[in-house]
Amino acid sequence: MPERKTAQQPEDLALMFVERALSKDADGLTELYEADAVLAYPPGQQTVGRDAIHAVMEQLIAAPVEFKPEEPLPTLRFGDLALTSTRPADGTGGRVQVARRQADGSWLRIIDRPELPS
């Protein structure tokens, strides 16, 4: 597995997601999540854990979806936790994530809700 850069700030995760999605890198996308992370995707479902998230990421990058960097909204921090969000380019309403600082100082997602109804 290639060595990939890690998120040094929680806000880095959104841009890294787009970069890895554009590269069709399901492994790299999965590495943005903690081992027991929760992803609220597909819509109306919860995907729990890296193995399940990896399967979703493989389907996501196989679909004809256009990924674009999105405008970040202010991050809220509480110790080693951070609530990040972006204003979606596709008009779905909002994307929010909770990230946790790791022992090495990097950040990973623990909760990811990619879209909310408008």
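Modeller: Let's start with terms: helices (H or I, at least four residues) and strands (E, at least two) are DSSP runs, numbered from the N terminus. The model is predicted, so local features need pLDDT of at least 70 and side-chain atom pairs pLDDT 80 or more, while totals for chains, interfaces and linings use all residues. Residues are numbered from 1 along each chain as its sequence is written, and side-chain values use heavy atoms, leaving out hydrogens and water.

Biologist: How many cavities of 30 Å³ or more does the structure hold, and what makes a space a cavity?

Modeller: A cavity is a set of points on a 1 Å grid over the protein atoms alone where a 1.4 Å probe fits but cannot get out. The structure holds one of 30 Å³ or more. The largest cavity has a volume of about 60 Å³, which means the space filled by probe spheres set on grid points joined across faces, edges and corners.

Biologist: Which strand gives the most to the lining of the largest cavity?

Modeller: Strand E5 (residues 81-87), with three residues. Lining residues have an atom within 4 Å of a point, and those of the largest cavity include Thr84, Ser85, Thr86, Gln97 and Arg109.

Biologist: Why is Ser85 called buried?

Modeller: Ser85, in strand E5, has a relative accessible area of 15%. Buried means under 20% (exposed is over 50%, partly exposed in between; 1.4 Å probe, protein chains only), so Ser85 is buried.

Biologist: What is Ser85 in contact with, leaving aside its neighbours within four places in sequence?

Modeller: Glu71, Pro72, Leu73, Arg95, Val96 and Gln97. Contact means heavy atoms within 4.5 Å.

Biologist: How do you know that strands E1 and E7 pair?

Modeller: Two strands pair if DSSP finds at least two bridges between them. E1 (residues 33-39) and E7 (residues 107-113) have three, in the parallel sense, so they count as paired. One of the bridges joins Val38 to Ile111. E1 also runs antiparallel to E2 (residues 47-48), with two bridges, and Leu39 has Thr47 as a partner there.

Biologist: What makes a space a pocket, and how much space lies in the largest pocket?

Modeller: A pocket is an open set of points with protein on both sides within 12 Å along at least five of seven lines. About 600 Å³ lies in the largest pocket. Of its 28 lining residues, Phe17, Phe67, Glu70, Arg95 and Pro114 are the closest to its centre. Helix H1 (12-22) gives the most to this lining, with four residues.
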